[in-house]
Amino acid sequence: MVVPFKNEPGIDFSVQTNVNQFNSELKKVKAQFGQDIPLVINGEKVYKDDKFESINPEDTSQLIAKVSKATKEDVEEAFKVTNEAYQSWKKWYHKDRAELMLRVAAIIRRRKE
């Protein structure tokens with residue numbers, strides 16, 4: 001079933017519970033700053049020695065993360081496995097693909113509540 005499009009509201013920060021929950025989640029995110037972020041190719045995490053640093057533009061002394069850099073071979077492998085996955089996906093009827101996406105959207109909406 002397709003529901004009509006509507007803009008979905010963000011968080012209502014006039015509600016103190018939402019503010020408290022947001023601040024709690026923000027602390028969790030900040031605790032993860034500085035971690036190594038891998039590439040993900042075919043569902044597998046690939047850590048590289050060559051990384052770039054993501055820096056907070058507001059506070060350039062703050063390292064957000066170290067992100068693995070993909071090589072040409074990594075990109076080619078990612079395209080290869082993506083194309084292989086697409087060979088199966090493209091055989092689905094468009095209605096089935098759309099139904100799957102709608103079900104995913106419904107799950108995401110439920111998790112927001």
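Asp 74 is buried, with a relative accessibility of 11% (buried denotes under 20% relative accessible area, exposed over 50% and partly exposed the range in between, with a 1.4 Å probe and protein chains only). The structure is a predicted model, in which local features require pLDDT of at least 70 and side-chain atom pairs count only at pLDDT 80 or more, whereas totals for chains, interfaces and linings use all residues. Residues are numbered from 1 along each chain as its sequence is written, and side-chain values use heavy atoms, with hydrogens and water left out.

Asp 74 belongs to helix H2, residues 72–89 (helices are DSSP runs of H or I with at least four residues, strands runs of E with at least two, numbered from the N terminus). Not counting residues up to four places away in sequence, the contacts of Asp 74 are Leu 39, Ile 41, Lys 48 and Lys 69 (contact means heavy atoms within 4.5 Å).

Asn 42 occupies the loop between strand S2 (39–41) and strand S3 (44–46). Its relative accessible area of 57% places Asn 42 in the exposed class. The phi of Asn 42 is positive, near 60°, although the residue is not glycine. Most residues other than glycine have a negative phi.

Two further helices contain partly exposed residues. Val 29, in helix H1 (residues 16–31), is partly exposed at 44% relative accessibility. Leu 102, in helix H3 (residues 94–112), is likewise partly exposed, with a relative accessible area of 30%. The C-alpha atoms of Leu 102 and Asn 56 are 35 Å apart in space, with a sequence separation of 46 residues.
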